[in-house]
Amino acid sequence: MDLNLARTFVTVHETRSVTVAADVLGVTQPTVSYSLAKLRRLLGDPLFVRAPGGLVPTAEAERLYRSVADAVNSLDAAFVPRTPFDPESAPALTLSLSDLGEVTVLPLIVAELSERTTRFDLRVTAFELEAAADELIRGVTDVVIASPLLNSPRLDRTVLFSEGYVGMVAADHPRIAGRAPTHDDLVGERLVVVDGSTGHEEPRRAIAELELEQRIALRVTRFATLPYVVQSSDLVAIVPDLVAVLMAQSTPVSTFELPWPLGRVEVAAYTRRVPAASPVQRWFLDTVTASIERIPTAAPTLRTHVVPGRRSGLGE
């Protein structure tokens, strides 16, 4: 099997689409179809079959994928020169973020982009856990920033920062504002919580373990909603540290250290596994990681994790 056939096989397996594979490889769709037909004859297997969601690999294709992908990636890394990327020629980029990400890291990324290029075209889409990995692999999205783990051998994960949680109440809360409440203080308060697949399981876990579910007065779908309902009520929220600092700067809320031990959450950037990533994707990831240095230092539990060249592959 020659390298072009192997690269076509890997790309079709990762994108589940002849059309998208052709775009990624920079060839025509008939070229990809011809290469697939040649591979099918060579291997005596259909390799991919059509389904409503795209091409589905056969058992033989699944068996071959990992070894062929590793070989292609190794050869690409060794022999394919990386053309210097000109930021001024950057095409439109797509970044997937949660509502928290739009509040916390998006302004940092925009500031970093503004320093690196005089022009950029950035589209932000809402993070959806079920679709995020597939959209990265197919090239629909360039970078995803999220706390839920996207476990795929086709993706690289770069941890940007980790943080703990704090409590948040109205700045004029009649019982809690301006002091560090104890467990006994908080068990009598009413809570507002965020439901949904946000990746922030720790607050929900803590509330369940402390048997405080009956104290939940309000359930919302987004963390960004919290300061607006907290500021005009006596509700108590548990929020990630960084967003709490930013919310306290722009709304009349105050934060406090929780009397309970909560685990930390990692926020990571996901991209297609190098060298499948394009030069622009690599440049964009570098911009994202550099932007983390702009995080405000007022968040006491926050730790940045970006180390030059550090990435962790998933699903190995």
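Let's start with the lining of the largest cavity: 10 nonpolar residues, 1 polar and 1 charged. Here Ala, Val, Leu, Ile, Met, Phe, Trp, Tyr, Cys and Pro count as nonpolar, Asp, Glu, Lys and Arg as charged, and the others, Gly among them, as polar.

This is a predicted model: local features need pLDDT of at least 70, side-chain atom pairs count only at pLDDT 80 or more, and totals for chains, interfaces and linings use all residues. Numbering runs from 1 along each chain as its sequence is written, and side-chain values use heavy atoms, without hydrogens and water.

How many cavities of 30 Å³ or more are there? The structure holds 1. A cavity is a set of points on a 1 Å grid over the protein atoms alone where a 1.4 Å probe fits but cannot get out; lining residues have an atom within 4 Å of a point. The largest has a volume of about 100 Å³, the space filled by probe spheres set on the points.

Who lines it? β8, α9 and β10 each supply at least two residues. β8 gives the most, with 4. Helices (H or I, at least four residues) and strands (E, at least two) are DSSP runs, numbered from the N terminus.

Now α9, residues 201-209. After α9 comes E211, with a positive phi near 55 degrees.

Definitions and conventions:
On a 1 Å grid over the protein atoms alone, a cavity is a set of points where a 1.4 Å probe fits but cannot get out, and a pocket is an open set with protein on both sides within 12 Å along at least five of seven lines; lining residues have an atom within 4 Å of a point.
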